[in-house]
Amino acid sequence: MNILYEDQHILVCVKPPGTAVQTKLHTQQDMVSLLKNYRHKKGEPPYIGLIHRLDQPVEGILVFGKQAESAAKLCRALTQGGFFKGYAAVTQGAMPAAEGTLVDYLKKDGRNNLSAIVSSGDAKAKQAKLHYRVLETDADSSPVQNLVKIRLLTGRHHQIRVQMAHIGTPLVGDTKYGMPHGEGTPAAGLGLCACELSFVHPVTCQKMQFAIVPSQPVFQKFRALKNVQSCQGF
């Protein structure tokens, strides 16, 4: 496991693509069970407090609470907007602008594990908001592909995937939302990585900041990939 930081209160690590954060399937490993086993092997109480999630195909940074009190404080900070979450994405198609903010209303279909954009008047709709900036466009691809930095301002189910598809630029490799089967590079992975995370430590009150460069092959052709860590606060 790639652990970026650990103390007696919290644990920050990188979830690899293809691993679930938490699953009910006994035959499948997930991050919660892996980290419980990790703590058990160290002779620690195997408590892992789940704070936030990432889709199973997505690589990215996660923070967990190692005690119930620290987990509760992190959850409260998350709901109050105290987390900065930055993503790198590879989209297909011409972006509508070099930078912009998307505001939509999403409705989750739990039975089919999908979300869709609906009208704001739908009783089950929740506002979804993100800000994006195009870092590089590969005009040699057909259709074009873009390396995009995204700041997530709300945390809805499949939010980035749905909102990018809605403007006609689905994530490369995402056949669930807009990428036709047989197109893109699914073998190279889904074009999404939770590459930045910052929050205030629940006990020490120190500002914690973490960043990684996406490892998925779909990102590697972009020269601006090294810049995905330098857009915090955009």
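**Entry 1: the cavity**

E10 gives the largest share, 3 residues. For my own record, helices (H or I, at least four residues) and strands (E, at least two) are DSSP runs, numbered from the N terminus.

Before going on, I noted that this is a predicted model, in which local features need pLDDT of at least 70 and side-chain atom pairs count only at pLDDT 80 or more, while totals for chains, interfaces and linings use all residues. Residues are numbered from 1 along each chain as its sequence is written, and side-chain values use heavy atoms, with hydrogens and water left out.

How many cavities of 30 Å³ or more does the structure hold? I found 1. The largest cavity has a volume of about 50 Å³. On a 1 Å grid over the protein atoms alone, a cavity is a set of points where a 1.4 Å probe fits but cannot get out; a pocket is an open set with protein on both sides within 12 Å along at least five of seven lines; lining residues have an atom within 4 Å of a point. Grid points are joined across faces, edges and corners, and a volume is the space filled by probe spheres set on the points.

I listed the lining: His52, Arg53, Leu54, Ile61, Lys85, Tyr87, Ala194, Glu196 and Leu197. These divide into 5 nonpolar, 1 polar and 3 charged. In this sorting, Ala, Val, Leu, Ile, Met, Phe, Trp, Tyr, Cys and Pro count as nonpolar, Asp, Glu, Lys and Arg as charged, and the others, Gly among them, as polar.

Next I looked up the largest pocket, which holds about 1300 Å³ of space. Of its 40 lining residues, Arg53, Gly155, Arg156, His157 and His158 are the closest to its centre. The elements that give two or more residues to this lining are H2, E5, strand E6 (99-109), strand E9 (145-152) and helix H3 (159-166). By type, I counted off 15 nonpolar, 14 polar and 11 charged residues in the pocket lining.

**Entry 2: His158 and H3**

His158 sits in the loop between E9 and H3.

Leaving out residues up to four places away in sequence, His158 touches Asp55, Asn113, Leu114, Lys176 and Tyr177; contact means heavy atoms within 4.5 Å. The side chains of His158 and Tyr177 are joined by a polar contact of 2.7 Å. A polar contact is a pair of N or O atoms within 3.5 Å; within protein, one must be able to donate a hydrogen and the other to accept it, and residues adjacent in sequence count only if both atoms are side-chain atoms.

H3 itself is mostly covered, with 6 of its 8 residues buried. Those are Gln159, Ile160, Arg161, Val162, Gln163 and Met164. Their cover includes E5, E6, strand E7 (114-118), strand E8 (126-138), E9 and E10. Just after H3, Gly168 takes a positive phi of about 85°.

**Entry 3: aromatic rings**

I searched the whole structure and noted 3 aromatic pairs. Phe83 and Phe199 have ring centres 5.3 Å apart and planes at 20°, so I wrote this pair down as stacked. The rule: rings of Phe, Tyr and Trp (its six-membered ring) pair if their centres lie within 6.5 Å; planes under 30 degrees apart count as stacked, over 60 as edge-to-face and the rest as tilted.

Phe83 lies in the loop between helix H2 (68-79) and strand E5 (84-92) and Phe199 in strand E10 (residues 192-200), so the pair ties together parts that are 116 residues apart in sequence. Phe83 and Phe199 are both buried. Ring pairs link Tyr5, Phe83, Phe199 and Phe210 into a cluster.

**Entry 4: loops**

Lys42 is in the loop between helix H1 (31-41) and strand E3 (49-50). With a relative accessible area of 39%, Lys42 is partly exposed. Its side chain makes a polar contact of 2.8 Å with the side chain of Glu6.

Last, I checked Pro143, placed in the loop between E8 and E9. The peptide bond from Ser142 to Pro143 is cis, with omega near -5°.

Notes:
Buried means under 20% relative accessible area, exposed over 50%, partly exposed in between (1.4 Å probe, protein chains only).
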